[in-house]
Amino acid sequence: MHNFEDTLILDNGLIRFYCDVSDGSIEAEKWDSAQEWTTVGLSKPADVDLYDVDIAEIGMVRDRVQLTFDVDGDLFALDAILQTGAESILWDNPDPDRQGPIPAGLEDWLAPIASERYVDPNSSKGLVRRQDVRVTSQ
């Protein structure tokens with residue numbers, strides 16, 4: 001396990017997402033038509049802080065990290081999924097039965113960088129074993 005002493009940055013070339021646990025904040029930038037990084041205005045609510053970041057998957061076509069937020073004293077986790085070529089981040093509630101819906105303040109904070117998609121295509125880039133794809137006639 002790695003403890004971050006500085007800011008964790010996720011970047012796919014179109015969006016950069018900064019997670020700074022030390023000050024409980026997140027920031028983002030998007031690559032624009034003028035070919036430069038533009039800051040995305042994220043309005044941090046007073047009662048929500050970034051509490052922890054856990055890297056779940058770093059891949060060739062997607063990254064997934066779990067962010068835990070302190071929402072007015074209660075912890076709430078979300079998975080941030082950044083696909084190659086995506087202009088926004090797909091947010092997923094890893095345990096909706098236990099946690100319930102996303103708190104309104106947290107949802108408002110993440111809305112400017114949130115994807116409108118509801119489904120994670122779970123793309124991967126790698127080799128599949130021959131035994132896993134071979135079809136034999138019966």
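Which side chain does Arg64 meet in a salt bridge of 3.9 Å, N to O? The partner is Glu57. The model is predicted: local features need pLDDT of at least 70, side-chain atom pairs count only at pLDDT 80 or more, and totals for chains, interfaces and linings use all residues. Residues are numbered from 1 along each chain as its sequence is written, and side-chain values use heavy atoms, with hydrogens and water left out.

**View 1. Salt bridges around Arg64.** A salt bridge is a side-chain nitrogen of Lys or Arg within 4 Å of a carboxyl oxygen of Asp or Glu. Arg64 also meets Asp79 (3.4 Å, N to O). This pair links distant parts of the chain, from strand 6 (residues 62-71) to strand 7 (residues 74-83), 15 residues apart. Shared partners join Glu57, Arg62, Arg64 and Asp79 into one network. Asp79 is buried at 6% relative accessible area (buried is under 20%, exposed over 50%, partly exposed in between; 1.4 Å probe, protein chains only). Arg64, at 23%, is partly exposed.

**View 2. The salt bridge of Lys44 and Asp49.** The two side chains meet at 2.6 Å, N to O. Lys44 is partly exposed at 36%, and Asp49 is partly exposed at 31%. The structure holds seven salt bridges.

View 3. Strand 2 (residues 15-20) and strand 3 (residues 25-31) pair over six bridges, and Phe17 has Ala28 in strand 3 as its bridge partner.

Terms used: Pairing = 2+ DSSP bridges. Helix = DSSP H or I, 4+ residues; strand = E, 2+ residues; numbered from the N terminus.
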